[in-house]
Amino acid sequence: TIHSYFKFPPAPYATEQVIPKRVETRSDLGMLSCLIIDEISMVRADLLDLIDHTLRKVKDRNKPFGGVQIVAVGDLFQLPPIVDTAAKEAFDYKNGYRKLWESWRGHFFFDAFCMQEVSISSVEFTKVFRQNTEDHDYIRHLNDLRENRNVEQCLSYFNQRHVMVPKEALWVFPFRKPVEEMNRKELEKIPGDEVVFEARKFGSFNYCRENDLPAPERLCLKPGARVMFLKNHPLLEWVNGTLATIDRIIDGFEVEVTVQSTGKRYCVKYHEWEEFGYNENRILEKIGSYHQLPFALAWAFTIHKIQGMTLEQVAYNPQGTFSSGMAYVALSRTRGINDLYLTVPISPGDVSVDEQVKTFYNLLF
C-alpha cells in the first residue's frame with residue numbers, strides 16, 4: 001500500500017511535516033523512476049501532495065514528484081477517497097491546521113496542489129473483461145448507472161433482481177458493522193469451538209494498519225465456515241476472491257477446504273507475504289514478512305473490500321449507501337445479471353455520481 005511503502009502515518013496530511021524522518025536516506029525511493037498507483041479514485045488530495053513533497057525531498061529536485069513519472073490507474077466513477085470524521089477534525093482551524101475544504105478545491109486526487117503543475121496524458125480502456133460480453137443488457141445498464149444516465153430505467157432493470165437470495169451468495173454492505181455482525185452470527189451458528197489463527201508479522205509489517213494487512217491478524221474458524229481466498233495461487237485453481245468452505249482444521253497452521261465453484265479439496269497452510277526494499281548498498285533485500293492463512297470469513301464484505309474483485313454470486317443491500325460510485329461497484333462485481341441479487345430494491349437516493357468527476361472526465365476525453 002501507499003502507506004506501507006512510504007511509511008506514512010495513518011492520518012490526514014495538512015503539511016509536509018509528517019514526512020518520516022531520514023526519508024532522504026531511502027535509497028529505494030532515490031532510485032525510483034516510475035510509480036504506478038492503482039485505484040487512484042481512492043487517493044485523497046492531501047495524500048497525493050504528501051507523495052509529491054516526499055519525492056521532491058528525496059530526489060532534491062523542485063519538480064512535481066521529484067521528476068518521478070506517475071502512472072495512475074483507476075475509475076473515478078467508482079469509490080471516492082475516504083474523508084472520515086478524524087480527517088475533517090484534523091483540518092479544522094482549532095487544531096492548528098487549515099480546513100480541508102478551504103485548503104483544497106476538493107478531496108479527489110486531481111484536486112491536489114501538485115496536480116496544478118503537471119500535464120496529463122490519458123488512455124481510456126474500453127474492453128470489458130469482467131462481464132460476459134454476451135450479456136449486453138447488463139453491460140449497457142451498468143455503463144448508464146456508472147455515469148448516472150437513464151437512472152429510472154436502470155433501477156427498473158436491476159430491481160428485477162430483488163428475489164430470494166441463495167445461501168451461496170456473498171452479502172455486500174456499505175458499512176463494516178453489519179458485515180462483522182453477519183460474519184460473527186453465521187460463525188456462531190456452526191456447532192463446536194472456534195480455532196483462532198494468529199498472524200505472525202516481522203519487519204515492515206509491524207507498522208501496517210490493520211486494514212492494510214493482507215489477511216486478518218486474528219482469524220477465527222470452524223469446520224463449516226465459509227471463507228474467501230485472499231491470494232492467488234500460481235498452480236492451483238483459486239485466486240483472490242475464490243469462495244471455499246472449511247472442511248477440517250488439521251492443526252494450528254493448516255486447514256482442509258473445498259472450493260465452492262469446483263468442489264475440489266485442498267490443504268492450505270500459512271502463507272507468507274513478503275515486502276522487499278533496497279538497503280544502503282542498493283541491494284534488494286527482504287524487509288518484512290507476514291504469515292497467516294490466506295482467508296477471511298466470507299458470508300459478508302463491505303463494498304470497499306470487494307472493489308477490484310470478480311465474485312460468483314452477490315447479494316447487495318443498498319441501505320445506508322453514503323457515497324458516489326458505491327451502487328455501481330456493488331452491482332458490477334459479477335459476470336452476469338443472474339448472479340446478482342438485491343436484498344431490498346434500489347432507490348434513486350442509492351445512486352449518485354460526483355459532479356467533479358464528470359467535469360474532470362470531460363476535460364480528459
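Colleague: How many helices and strands make up the secondary structure of the chain?

Modeller: This is a predicted model, and the secondary structure of its chain comes to eleven helices and 16 strands.

Colleague: Where in the chain is the place of Ser332?

Modeller: Ser332 lies in the loop between helix H10, which covers residues 326-331, and strand S16, which covers residues 340-342.

Colleague: Why is Ser332 called buried?

Modeller: The relative accessible area of Ser332 is 2%, and a residue counts as buried when that value is under 20%, so Ser332 is called buried because its 2% falls under the cut-off.

Colleague: Which residues does Ser332 touch, if those up to four places away in sequence are not counted?

Modeller: Ser332 touches Arg130, Gln131, Tyr138 and Leu142, and a contact here requires heavy atoms within 4.5 Å. Tyr138 and Leu142 are also among the buried residues of helix H6, which spans residues 136-146.

Colleague: What are the other buried residues of H6, and which helices do the buried residues of H6 pack against?

Modeller: Besides Tyr138 and Leu142, the buried residues of H6 are Ile139, His141, Asp144, Leu145 and Arg146. The buried residues of H6 pack against helix H7 (151-158), H10 and helix H11 (355-364).

Colleague: Why might residues three or four places apart in an α-helix point the same way?

Modeller: An α-helix has 3.6 residues a turn, so residues with that spacing point the same way.

Colleague: What percentage of the residues of the chain count as buried?

Modeller: Of the 365 residues of the chain, 47% count as buried, and Ser332 is one of the buried residues.

Note on methods:
Residues numbered from 1 in each chain as written. Predicted model: local features only at pLDDT ≥ 70, side-chain atom pairs only at ≥ 80, totals over all residues. Heavy atoms only, no water. Helix = DSSP H or I, 4+ residues; strand = E, 2+ residues; numbered from the N terminus. Buried < 20%, exposed > 50% of the residue type's maximum accessible area, 1.4 Å probe, protein only.
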